[in-house]
Amino acid sequence: MFFNAHVYYTTRVDRNPNELKVVGSILPDMAATGLVTWDNLHKKKDLLELFSYTHKTSLELTPLLDGLSYHNSLDYTSHTEYKNSKPGYSYASITPQLLELMKKTINVPDARVRTSCHNLIEAGVDYHLLNDNNDMATLIRTSIEQVDKHKLAGLLSGYYQKTEEKALWALNDFFTFATNYNLKDIDGWVKLLTDMNKYYLKIETNELYAKKTLETAFEITKDTWKEYLEFSISHPLKEITDCN
Ligand SMILES: [Zn+2]
């Protein structure tokens, strides 16, 4: 899922969602910066090893691990399995029309088209959530402000064997993506996706088609997004599970 759904989920399942839990709940998607891979922070093995590394080296950061678990739990219903059926909600909601529009939006291989379509279904959930009076933007912004970025960069650089400078730089880029766009508005989404495609995939985006693709994704999700989130909130994973 996208930022707002992850943070909303965290505020619903956790009685005390402090800044580290909030940041932890979005952190796995910093894979978009290239500092870590999509398997890091998303797969069971890496997460469990990071958990024990954090307990050994940075006890004060352990609330972050709750956030990472919440991310894992929501991504599971989004990617892997939803209501006893596979794949998860975001992949199962992709339609032929959405695929065709995405092919006109970005010029990438078919597998990547499908991945990008699932991102737009997730964008749809975020968009409807935000416009349903659940604006998480302030909570995301203040949580990012409150977290000690140097400590967080220290943990990531120690565990993933990257320089602290690189880790800090990636964190700052990621936090910019999470805070700089008005995601209540479709044009904010067009901007975010165009910037992310350029940054991560190093490709251009046809913005006219991006808007049409987003409109279609918002339409697909408009009657199901709430049910999806409520189901996920009431069916949390009991333990960390591979989910992509
Ligand atoms: Zn994720």
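The crossing of α2 and α4 is right-handed, a term used when the near helix is turned clockwise from the far one by less than a right angle, the anticlockwise case being left-handed. The contact is made by L20, K21, V22, V23, G24 and S25 of α2 together with P63, L64, L65, D66, G67, L68, Y70 and H71 of α4, where two residues are in contact if their C-beta atoms, placed from the backbone, lie within 7 Å. By class, this contact has 8 nonpolar, 4 polar and 2 charged residues. The axes of α2 and α4 come within 6 Å and cross at roughly 40°.

This is a predicted model, in which local features need pLDDT of at least 70 and side-chain atom pairs count only at pLDDT 80 or more, while totals for chains, interfaces and linings use all residues. Residues are numbered from 1 along each chain as its sequence is written. Helices are DSSP runs of H or I with at least four residues, numbered from the N terminus.

Helix α4 covers residues 63-80, and its 18 residues should span 26 Å at 1.5 Å a residue, which agrees with the 25 Å between its end C-alpha atoms. Because 14 of these 18 residues are buried, α4 is largely enclosed by the rest of the structure; buried here means that 20 or more other C-beta atoms lie within 10 Å of the residue's own.

L41 is found in the loop between α2 (19-26) and α3 (44-57), and L41 is buried, with 21 other C-beta atoms within 10 Å.

Returning to α2, this helix also packs against helix α8 (residues 137-146), at an angle of about 110° and with the axes 8 Å apart. That makes α2 roughly perpendicular to α8, the term for angles of 65 to 115 degrees. The α2 side of this contact consists of E19, V22 and V23, and the α8 side of L139, I140, S143, I144 and Q146; these residues divide into 5 nonpolar, 2 polar and 1 charged.

A further pair is formed by helix α1 (residues 3-13) and helix α13 (residues 225-234), whose axes come within 10 Å and cross at roughly 45°. The crossing of α1 and α13 is right-handed, and the contact is made by A5, Y8, Y9, R12 and V13 of α1 and L229, S232 and I233 of α13.

Notes
Axes fitted to C-alpha atoms, helices over the stretch in contact; angles between N-to-C directions. Helix = DSSP H or I, 4+ residues; strand = E, 2+ residues; numbered from the N terminus. Expected span 1.5 Å × (residues − 1). Buried ≥ 20, exposed ≤ 12 C-beta atoms within 10 Å, placed from the backbone. Nonpolar A, V, L, I, M, F, W, Y, C, P; charged D, E, K, R; others polar. Parallel < 35°, antiparallel > 145°, perpendicular 65-115°, else oblique.
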